[in-house]
Amino acid sequence: MKLSEKIMLLRKEKGMTQEELASICNVSRQSISKWEADIALPETEKLLILGEAFQVSMDILLKDELTLNEVREVHICGNNAIQKKKQELYEGVLIKESIVDDSIIDCLNIHKIELWNTGGKPKYWTILFFTSDRRDFPEQISKVMLSNPDTNENWFVDFKADNKKYIVFKDRILKYQIGNRTEKEYVCNECRKLGISNEQMNWSE
C-alpha cells in the first residue's frame, strides 16, 4: 500500500478531515490533498508529525508491504514493533539522503529517526537507526549509495555485524575486524581515496 493511501485511510480511521490534519501538520489543506492523491510527498519533519498523529511507527508509513491491519498491532511509535523477527545480523545508521532508491528501506527494521540540521542544503538530513536480518544487505545497500565520480562525492553507510565493521560505498564494500588496527587503517586509507575526511571516519564501533 502506498504512503498516499495510508495517509488517507489513517486519517479517516482517526475521524479527521483534511483541514484538521492540515492544522496538525501546519500545512494547507491542498497539501494534504496532494499527499493523498500521490501528487506530492510529505517532508521528513511532516512524516514525523504524521506518525505521532496516527500513532504508528515509521515502518508503517515508509514500507509499502505493511498493511493497515498490521498498524493496529503496533503500540510503540518510533520503535521496531514487529514481533517474531529473525535474529538481526546488521546494526547501523543510514542517512536517507545518501541513497538513490528508497526501496532499500524494505530491507531495514527502523528503530529511530532523527533530523540533523546540516546548516546547508539540504537543510536537514534524515537519520535512520536500523537493524537488518538480510544476509545480502551489504551487497544490496551498495547498489543504491549516492556517488558522483565527476566531483569525487561518495556517500557511505557504516554498520556492524558481530565484531566486524562495514563501510559501504556505491559498488564497494569495505570491512575490518573491530580491534584490528591494520585492517582498519587499510579501510581508512581506501576511504580517503574516495574523498572521505578523517572527521567523517569517526564512526562508532
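**Helix packing and charged pairs**

Author: Helix H1 (residues 3–13) and helix H4 (residues 44–54) pack at an angle of about 35°, with their axes 11 Å apart. Axes are lines fitted to C-alpha atoms over the stretch in contact, with angles from 0 to 180 degrees between N-to-C directions; helices are DSSP runs of H or I, at least four residues, numbered from the N terminus. This is a predicted model, in which local features need pLDDT of at least 70 and side-chain atom pairs pLDDT 80 or more, while totals for chains, interfaces and linings use all residues. Residues are numbered from 1 along each chain as its sequence is written, and side-chain values use heavy atoms, without hydrogens and water.

Reader: Which residues of H4 make the contact with H1?

Author: Contact means heavy atoms within 4.5 Å. H1 contributes Leu 3, Ile 7, Leu 10 and Arg 11. From H4 come Leu 47, Leu 50 and Phe 54.

Reader: Are Lys 165 and Asp 158 buried or exposed?

Author: Lys 165 and Asp 158 form a salt bridge (Lys or Arg side-chain nitrogen within 4 Å of an Asp or Glu carboxyl oxygen), with the closest N and O atoms 3.0 Å apart. Under 20% relative accessible area counts as buried, over 50% as exposed, and in between as partly exposed (1.4 Å probe, protein chains only). Both Lys 165 and Asp 158 are buried.

Reader: How many residues apart in sequence are the parts that Lys 184 and Glu 205 tie together?

Author: The side chains of Lys 184 and Glu 205 meet in a salt bridge of 3.0 Å, N to O. Lys 184 lies in helix H8 (residues 181–193) and Glu 205 in the segment after H8, so the pair ties together parts that are 21 residues apart in sequence.

Terms used: Helices (H or I, at least four residues) and strands (E, at least two) are DSSP runs, numbered from the N terminus.
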